[in-house]
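Please open the model in your viewer, with the sequence panel beside it, and follow the stops below in order. Each stop says what to select and what is to be found there.

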Amino acid sequence: MKQFLNINRLSILCQLSVSAALLLLAGTCMANARSSAGLDDQIFADRFAEDIDVLLPFINDEYQLPPYTLSAQLDWIIDELDASETTTLAEIQARFVPGFDQPGLVSFFNDNLRVNFPNARVIDLIGISPVRATFVIEGDNPNSDLGFVQLGVQYSGQELVTLFSVQPFFGSVQFPGDQNLTLTEAADRFQTLAASNSLFVGRINSDGQCESVISRSPDTARALGSIFKMWVIGTVGEHLNLGLSLPEDTINLVASELAAGGIINNEPLGTPFTVRDMAVMMMADSDNTSTDHLHELVGRSAIEQVVADYGIVETEQLLPFLNISEQFHVFSRFDLPTALSYVNGDLPFREQFLTNQIVPLGPSFPQSFPFFHESLLSTGTWSASATDICRTLAGMHALPRNSVGFEVVNQAMGYQAAQPNVRSEWQRVWYKGGGLSSGSTGQHVLTNAWLLQKDGESEPWVVVGLTNDSSGGIDIFEVNSVLSRILELVADLP
């Protein structure tokens, strides 16, 4: 189980190398969206039962995949595990980058995968984007466990496979001791997992307000990691609804917006990405470079307006609204007294510091980093409360259903479930998580947020778990286990 969880975190947290340290930037409710288009449709969506158009339908025992090149590679892998197939070196060479041990892959398919997963089928599509997928497979070998698969491909060029991993999975991420917890017990258990935690479990009511069913310290600001990207995607939705861009407009990859930890940093400069694809990669993969390109597209002031419109209470560490590279510079480009002067300064000081000292540093990839301030991981970054995150989900959920902005937000938020056994319980699954960690002291910030909705229901559930510890050492396995139990219990609530 721990082996699976360690792999799974790569799909929800973004890895950033800082010399010997590792930095992971993984990720009043608004009753009315700012966009004026489709107001009647929005009111209907807010106040009446919704007939949900499932984003990843499971039809005839198969997921209907988005039209990505990655989807074609995923289909090929499944087809190749048919018991009658034999994988050849020529097939591997045509699909995998040369960096793989290609003869070894031939043996892996013929002597391992097909033996353990004959006639394999995808039984849980956890996450998918244009360049990454995580999913669970099952085969016809009764003596074999399930398989947890990671798949990655190039966005451009030959679109070859760059990441391929299959690990045994035993069907649940819950530890035995958590499997019989009540909701109250699980909430109490969650609070013991680190020094400074917050939990919100509740619903967004028909007026767009967040109503808690059970919570622990829900109004205390915590460090968020990559959950901050929800305000960027919310602004992208507004940007699209205002007609300022179209989903299929292209954004060229530029050096000035390359961010440390970006999974598309190896794509050639000038590669055109659609707004839609960057939005999905920013949320489903937590891709940092997509984030900084979209931050530049919509603009800092527009994001800050969305933060205000969503009714966020805890804004002290959100403004000015930094992109990935800018936040990364606070951690790693200034000595600690200078960095603290920014973190603890008032808003006018921080805005001037940003303009005069942070922005001129440019992108955070590729660069060397003279410092790494672990003490700032939970105190010097984007912060908000669990209730604020519910307000943010409510704000995006209020976008008009017939709008292009909602369409793109729904895809970006909905293509990642983060855990197995979630998508089968709900017709709408939105997720964003994040994290910050150091190679020397481990995880300092680990955050998760879901919006979950069943067909015919107008009031979606929200589960937000924010885990902070200034000394590090948060156990991702324990957090995922307890949150999995909470998600399981919420699915059975009326």
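Predicted model: local features only at pLDDT ≥ 70, side-chain atom pairs only at ≥ 80, totals over all residues.

Begin by selecting Asp 285, which sits in the loop between α8 and α9 (288-298); helices here are DSSP runs of H or I with at least four residues, strands are runs of E with at least two, and both are numbered from the N terminus. Asp 285 has a relative accessibility of 9% and therefore counts as buried, where buried means under 20% relative accessible area, exposed means over 50%, and partly exposed lies in between (1.4 Å probe, protein chains only).

Residues are numbered from 1 along each chain as its sequence is written, and side-chain values use heavy atoms, with hydrogens and water left out.

**Salt bridges**

How many salt bridges does the count come to? The count is 12, a salt bridge being a side-chain nitrogen of Lys or Arg within 4 Å of a carboxyl oxygen of Asp or Glu.

Select Glu 248 and Arg 276, whose side chains meet in a salt bridge at 2.6 Å, N to O. This pair links distant parts of the chain, since Glu 248 belongs to the loop between α7 (229-241) and β12 (250-252) and Arg 276 to helix α8 (residues 275-284), 28 residues apart. Glu 248 counts as partly exposed at 48% relative accessibility, whereas Arg 276 counts as buried at 15%.

Next, select Asp 140 and Arg 121, which form a salt bridge with their closest N and O atoms 3.1 Å apart. Here Asp 140 comes from the loop between β6 (132-138) and β7 (146-153) and Arg 121 from strand β5 (residues 121-128), a separation of 19 residues. Asp 140 is partly exposed, with a relative accessible area of 42%, and Arg 121 is partly exposed as well, with 30%.

Then move to Arg 203 and Glu 457, joined by a salt bridge whose closest N and O atoms are 3.3 Å apart. Arg 203 lies in strand β9 (residues 196-204) and Glu 457 in the loop between β16 (442-453) and β17 (461-468), so the pair ties together parts that are 254 residues apart in sequence. Arg 203 counts as buried at 16% relative accessibility, while Glu 457 is partly exposed, with a relative accessible area of 24%.

To close this stop, select Glu 50, Arg 401 and Arg 428, which are linked in a network of salt bridges.

**Aromatic rings**

A search of the whole structure finds 19 aromatic pairs; rings of Phe, Tyr and Trp (its six-membered ring) pair if their centres lie within 6.5 Å, and planes under 30 degrees apart count as stacked, over 60 as edge-to-face and the rest as tilted. One of them is Tyr 155 with Phe 273, a stacked pair at 4.1 Å centre to centre with 25 degrees between the planes. Tyr 155 lies in the loop between β7 and β8 (161-169) and Phe 273 in strand β13 (residues 272-274), 118 residues apart. Tyr 155 is buried, with a relative accessible area of 14%, and Phe 273 counts as buried at 0%.

Now select Phe 349 and Phe 353, whose ring centres are 6.0 Å apart with the planes at 40 degrees, so the pair is tilted. These two residues are 4 residues apart in helix α13 (residues 347-358), separated by about one helical turn. Phe 349 counts as partly exposed at 34% relative accessibility, but Phe 353 counts as buried at 4%.

**Backbone details**

Select Leu 319 and Pro 320, where the peptide bond is cis, with omega near -10 degrees; Pro 320 is in the loop between α10 (300-309) and α11 (324-332). Finally, select Ala 418, which is not a glycine and yet has a positive phi of about 75 degrees. Ala 418 is found in the loop between α15 (404-414) and β15 (428-438) and counts as buried at 1% relative accessibility.
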